[in-house]
Amino acid sequence: MKRISIVLTLIVLVSCKSKQNIVTEQGASEKVEVSKIIQGHYANKLDFQTASIRSTVGYDDGKTALSINCDIRIKKDETIMVTARALGLITVAKALITPERVSFYSKDGKYFDGDYRLLSKWLGTDLDFNKVQNLLLGRAIDDLTKAKYNVSIEGEKYKLKTKEGNNIIKEFLFEGANFLLKDQIVSQQNPLRSLEVNYPAYKSYDKATLPLSMNIDAYEKTKVKIEVSYNSISFDEKLNFPYTIPEGYEEIIID
(Lines give C-alpha, C1' and ligand atoms only; values in the text may rest on other atoms or scores of the structure.)
Protein backbone atom coordinates (compact mmCIF):
# COMPACT_ATOMS: atom_id res chain seq x y z
CA MET A 1 0.00 0.00 0.00
CA LYS A 2 2.85 2.35 0.89
CA ARG A 3 4.51 1.70 -2.49
CA ILE A 4 1.26 2.51 -4.30
CA SER A 5 0.99 5.79 -2.38
CA ILE A 6 4.55 6.75 -3.35
CA VAL A 7 3.89 6.01 -7.02
CA LEU A 8 0.67 8.04 -6.96
CA THR A 9 2.49 10.95 -5.30
CA LEU A 10 5.19 10.90 -7.99
CA ILE A 11 2.56 10.88 -10.74
CA VAL A 12 0.81 13.88 -9.18
CA LEU A 13 4.09 15.78 -8.81
CA VAL A 14 5.10 15.12 -12.40
CA SER A 15 1.65 16.09 -13.63
CA CYS A 16 1.70 19.33 -11.65
CA LYS A 17 5.15 20.19 -12.94
CA SER A 18 4.03 19.57 -16.52
CA LYS A 19 0.93 21.70 -16.07
CA GLN A 20 3.01 24.55 -14.63
CA ASN A 21 4.91 24.71 -17.91
CA ILE A 22 1.73 25.08 -19.97
CA VAL A 23 1.25 28.75 -20.73
CA THR A 24 -1.97 30.17 -19.32
CA GLU A 25 -4.02 31.86 -22.01
CA GLN A 26 -6.97 34.21 -21.86
CA GLY A 27 -9.57 35.56 -24.22
CA ALA A 28 -9.42 38.98 -25.81
CA SER A 29 -11.57 41.32 -23.74
CA GLU A 30 -11.22 44.78 -25.26
CA LYS A 31 -9.90 46.31 -28.42
CA VAL A 32 -6.22 47.24 -28.38
CA GLU A 33 -3.87 48.90 -30.83
CA VAL A 34 -2.30 46.85 -33.61
CA SER A 35 1.18 47.87 -32.40
CA LYS A 36 0.53 46.42 -28.93
CA ILE A 37 -0.49 43.05 -30.39
CA ILE A 38 2.56 42.90 -32.63
CA GLN A 39 4.97 43.97 -29.89
CA GLY A 40 3.41 41.48 -27.48
CA HIS A 41 3.69 38.66 -30.02
CA TYR A 42 7.39 39.29 -30.64
CA ALA A 43 8.08 39.66 -26.91
CA ASN A 44 7.62 35.89 -26.50
CA LYS A 45 11.14 34.58 -26.25
CA LEU A 46 13.08 32.51 -28.79
CA ASP A 47 16.47 32.69 -27.08
CA PHE A 48 18.16 29.62 -28.55
CA GLN A 49 20.66 28.76 -31.24
CA THR A 50 19.59 25.17 -31.88
CA ALA A 51 16.51 23.12 -31.10
CA SER A 52 15.90 19.40 -31.36
CA ILE A 53 12.24 18.39 -31.49
CA ARG A 54 10.87 14.88 -31.34
CA SER A 55 7.39 14.82 -32.80
CA THR A 56 4.57 12.68 -34.09
CA VAL A 57 3.14 13.72 -37.45
CA GLY A 58 -0.17 12.70 -38.95
CA TYR A 59 -0.71 13.25 -42.69
CA ASP A 60 -3.86 12.85 -44.79
CA ASP A 61 -4.33 14.02 -48.38
CA GLY A 62 -7.51 12.05 -49.06
CA LYS A 63 -5.59 9.27 -50.78
CA THR A 64 -2.84 8.56 -48.30
CA ALA A 65 -3.14 8.67 -44.51
CA LEU A 66 -0.28 7.91 -42.16
CA SER A 67 1.20 8.66 -38.76
CA ILE A 68 4.93 8.68 -38.24
CA ASN A 69 7.65 9.81 -35.84
CA CYS A 70 9.75 12.78 -36.95
CA ASP A 71 12.93 14.34 -35.60
CA ILE A 72 13.13 18.07 -36.34
CA ARG A 73 16.49 19.77 -35.97
CA ILE A 74 16.74 23.55 -36.21
CA LYS A 75 19.80 25.76 -36.35
CA LYS A 76 17.98 29.04 -36.04
CA ASP A 77 17.88 31.15 -39.19
CA GLU A 78 20.20 28.72 -41.01
CA THR A 79 19.10 25.10 -41.33
CA ILE A 80 16.11 22.85 -40.70
CA MET A 81 16.33 19.08 -41.08
CA VAL A 82 13.37 16.73 -40.74
CA THR A 83 13.87 12.97 -40.48
CA ALA A 84 10.83 10.69 -40.63
CA ARG A 85 11.24 7.24 -39.12
CA ALA A 86 9.11 4.11 -39.07
CA LEU A 87 9.14 2.18 -35.79
CA GLY A 88 11.44 4.91 -34.49
CA LEU A 89 14.42 3.38 -36.30
CA ILE A 90 14.03 3.14 -40.07
CA THR A 91 14.41 6.36 -42.04
CA VAL A 92 11.62 6.59 -44.59
CA ALA A 93 12.07 10.22 -45.62
CA LYS A 94 14.40 13.11 -44.97
CA ALA A 95 14.34 16.81 -45.78
CA LEU A 96 16.92 19.59 -45.58
CA ILE A 97 15.77 23.20 -45.72
CA THR A 98 18.03 26.25 -45.91
CA PRO A 99 17.38 29.84 -47.01
CA GLU A 100 18.51 28.88 -50.53
CA ARG A 101 17.37 25.30 -50.92
CA VAL A 102 14.66 22.73 -50.28
CA SER A 103 15.70 19.11 -50.66
CA PHE A 104 14.11 15.82 -49.66
CA TYR A 105 14.00 12.14 -50.53
CA SER A 106 11.74 9.26 -49.56
CA LYS A 107 11.92 5.49 -49.50
CA ASP A 108 9.87 5.27 -52.71
CA GLY A 109 13.09 6.13 -54.56
CA LYS A 110 12.29 9.74 -55.47
CA TYR A 111 13.91 13.01 -54.48
CA PHE A 112 13.57 16.74 -54.95
CA ASP A 113 16.37 19.27 -54.82
CA GLY A 114 15.53 22.85 -55.71
CA ASP A 115 13.69 25.98 -54.59
CA TYR A 116 10.52 26.54 -52.57
CA ARG A 117 8.00 26.09 -55.39
CA LEU A 118 7.07 22.48 -54.60
CA LEU A 119 6.76 23.10 -50.86
CA SER A 120 4.67 26.19 -51.58
CA LYS A 121 2.42 24.16 -53.86
CA TRP A 122 1.87 21.45 -51.26
CA LEU A 123 0.93 23.95 -48.55
CA GLY A 124 -1.08 26.29 -50.75
CA THR A 125 0.88 29.49 -50.10
CA ASP A 126 4.19 31.03 -51.12
CA LEU A 127 6.91 30.05 -48.66
CA ASP A 128 10.52 30.81 -47.88
CA PHE A 129 12.89 29.70 -45.11
CA ASN A 130 11.75 32.26 -42.56
CA LYS A 131 8.10 31.37 -43.10
CA VAL A 132 8.76 27.66 -42.64
CA GLN A 133 10.79 28.32 -39.48
CA ASN A 134 8.10 30.61 -38.09
CA LEU A 135 5.45 28.01 -38.88
CA LEU A 136 7.28 25.43 -36.75
CA LEU A 137 7.93 27.84 -33.87
CA GLY A 138 4.42 29.24 -33.52
CA ARG A 139 5.23 32.63 -34.96
CA ALA A 140 3.41 34.59 -37.64
CA ILE A 141 4.78 33.49 -41.00
CA ASP A 142 5.10 37.13 -42.10
CA ASP A 143 6.97 40.02 -40.51
CA LEU A 144 3.97 41.73 -38.94
CA THR A 145 5.76 45.09 -38.80
CA LYS A 146 5.79 45.39 -42.59
CA ALA A 147 2.07 45.55 -43.37
CA LYS A 148 -1.02 47.45 -42.29
CA TYR A 149 -3.75 45.51 -40.49
CA ASN A 150 -7.32 45.94 -39.41
CA VAL A 151 -7.80 44.75 -35.83
CA SER A 152 -10.94 43.14 -34.42
CA ILE A 153 -12.01 40.57 -31.84
CA GLU A 154 -13.25 37.24 -33.16
CA GLY A 155 -14.02 34.20 -31.03
CA GLU A 156 -12.32 35.89 -28.04
CA LYS A 157 -9.13 36.30 -30.06
CA TYR A 158 -7.45 39.40 -31.41
CA LYS A 159 -7.49 39.23 -35.21
CA LEU A 160 -5.16 41.13 -37.51
CA LYS A 161 -6.31 41.09 -41.13
CA THR A 162 -4.73 42.46 -44.28
CA LYS A 163 -5.28 42.16 -48.01
CA GLU A 164 -2.41 41.98 -50.48
CA GLY A 165 -2.15 41.95 -54.25
CA ASN A 166 -3.69 39.08 -56.25
CA ASN A 167 -6.60 39.03 -53.75
CA ILE A 168 -4.53 37.36 -51.03
CA ILE A 169 -6.05 37.72 -47.56
CA LYS A 170 -3.97 37.09 -44.44
CA GLU A 171 -5.38 36.72 -40.94
CA PHE A 172 -3.49 36.26 -37.68
CA LEU A 173 -5.38 35.51 -34.43
CA PHE A 174 -3.89 35.85 -30.94
CA GLU A 175 -4.93 35.06 -27.37
CA GLY A 176 -5.14 37.90 -24.89
CA ALA A 177 -2.56 37.15 -22.17
CA ASN A 178 0.74 37.00 -24.08
CA PHE A 179 -0.45 37.52 -27.66
CA LEU A 180 0.53 33.98 -28.54
CA LEU A 181 -0.47 33.05 -32.06
CA LYS A 182 -3.52 30.76 -32.15
CA ASP A 183 -4.38 30.73 -35.86
CA GLN A 184 -2.87 32.00 -39.07
CA ILE A 185 -4.79 31.88 -42.33
CA VAL A 186 -3.69 32.73 -45.87
CA SER A 187 -6.33 32.49 -48.57
CA GLN A 188 -6.72 33.39 -52.22
CA GLN A 189 -9.75 33.14 -54.51
CA ASN A 190 -8.09 33.00 -57.92
CA PRO A 191 -6.42 30.58 -58.04
CA LEU A 192 -8.31 29.02 -55.13
CA ARG A 193 -5.90 28.01 -52.41
CA SER A 194 -5.54 28.38 -48.68
CA LEU A 195 -3.39 27.59 -45.66
CA GLU A 196 -4.80 27.44 -42.13
CA VAL A 197 -2.61 26.72 -39.12
CA ASN A 198 -3.91 26.29 -35.58
CA TYR A 199 -1.87 26.12 -32.35
CA PRO A 200 -4.03 24.64 -29.54
CA ALA A 201 -1.59 25.29 -26.63
CA TYR A 202 1.91 26.48 -25.76
CA LYS A 203 4.59 25.41 -23.31
CA SER A 204 7.16 27.62 -21.62
CA TYR A 205 10.83 26.58 -21.62
CA ASP A 206 13.90 28.39 -20.33
CA LYS A 207 14.90 29.25 -23.87
CA ALA A 208 11.58 29.73 -25.62
CA THR A 209 7.82 29.56 -25.59
CA LEU A 210 6.76 27.03 -28.22
CA PRO A 211 3.57 25.28 -29.31
CA LEU A 212 2.75 21.83 -27.98
CA SER A 213 1.21 20.96 -31.32
CA MET A 214 -0.08 22.43 -34.55
CA ASN A 215 -2.79 21.53 -37.04
CA ILE A 216 -2.36 22.45 -40.70
CA ASP A 217 -5.10 22.45 -43.32
CA ALA A 218 -3.83 23.29 -46.81
CA TYR A 219 -5.71 23.43 -50.07
CA GLU A 220 -4.66 23.83 -53.68
CA LYS A 221 -6.73 21.55 -55.97
CA THR A 222 -6.58 18.92 -53.23
CA LYS A 223 -6.80 19.17 -49.44
CA VAL A 224 -3.92 18.18 -47.18
CA LYS A 225 -4.27 17.82 -43.42
CA ILE A 226 -1.19 17.65 -41.20
CA GLU A 227 -1.20 17.27 -37.41
CA VAL A 228 2.08 17.71 -35.54
CA SER A 229 2.55 16.93 -31.83
CA TYR A 230 5.80 18.03 -30.15
CA ASN A 231 6.70 15.23 -27.74
CA SER A 232 9.99 16.60 -26.41
CA ILE A 233 12.28 19.57 -27.10
CA SER A 234 15.91 20.25 -26.16
CA PHE A 235 17.90 23.41 -26.81
CA ASP A 236 21.44 24.47 -27.67
CA GLU A 237 22.89 21.01 -28.07
CA LYS A 238 25.58 20.49 -30.67
CA LEU A 239 23.62 19.24 -33.68
CA ASN A 240 24.76 17.65 -36.92
CA PHE A 241 22.79 17.85 -40.16
CA PRO A 242 23.94 14.83 -42.22
CA TYR A 243 22.16 14.71 -45.54
CA THR A 244 22.96 12.83 -48.75
CA ILE A 245 20.51 11.86 -51.49
CA PRO A 246 20.94 8.12 -52.15
CA GLU A 247 22.32 7.12 -55.53
CA GLY A 248 19.87 5.88 -58.13
CA TYR A 249 16.89 7.91 -56.89
CA GLU A 250 14.60 9.54 -59.47
CA GLU A 251 14.38 13.33 -59.41
CA ILE A 252 11.02 15.07 -59.10
CA ILE A 253 10.81 17.78 -61.75
CA ILE A 254 8.55 20.82 -61.48
CA ASP A 255 7.29 22.17 -64.80
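This is a predicted model: local features need pLDDT of at least 70, side-chain atom pairs count only at pLDDT 80 or more; totals for chains, interfaces and linings use all residues.
Residues are numbered from 1 along each chain as its sequence is written, and side-chain values use heavy atoms, with hydrogens and water left out.

Helix α4 spans residues 129-137 and is largely enclosed by the rest of the structure, because 8 of its 9 residues are buried (helices are DSSP runs of H or I with at least four residues, strands are runs of E with at least two, and both are numbered from the N terminus). Among the buried residues are Phe129, Val132 and Leu136. After the helix comes glycine 138, with a positive phi near 75 degrees.

## Salt bridges

Lysine 131 is joined to aspartate 142 by a salt bridge whose closest N and O atoms are 3.6 Å apart (a side-chain nitrogen of Lys or Arg within 4 Å of a carboxyl oxygen of Asp or Glu). Since lysine 131 lies in α4 and aspartate 142 in the loop between α4 and β7 (150-154), the pair ties together parts that are 11 residues apart in sequence. Aspartate 142 counts as buried at 11% relative accessibility, and a network of salt bridges links Lys131, Asp142, Glu164 and Lys170.

Glutamate 154 and lysine 159 also meet through their side chains in a salt bridge (2.7 Å, N to O); glutamate 154 is partly exposed at 41%, whereas lysine 159 is buried at 8%.

Note on methods: Buried means under 20% relative accessible area, exposed over 50%, partly exposed in between (1.4 Å probe, protein chains only).
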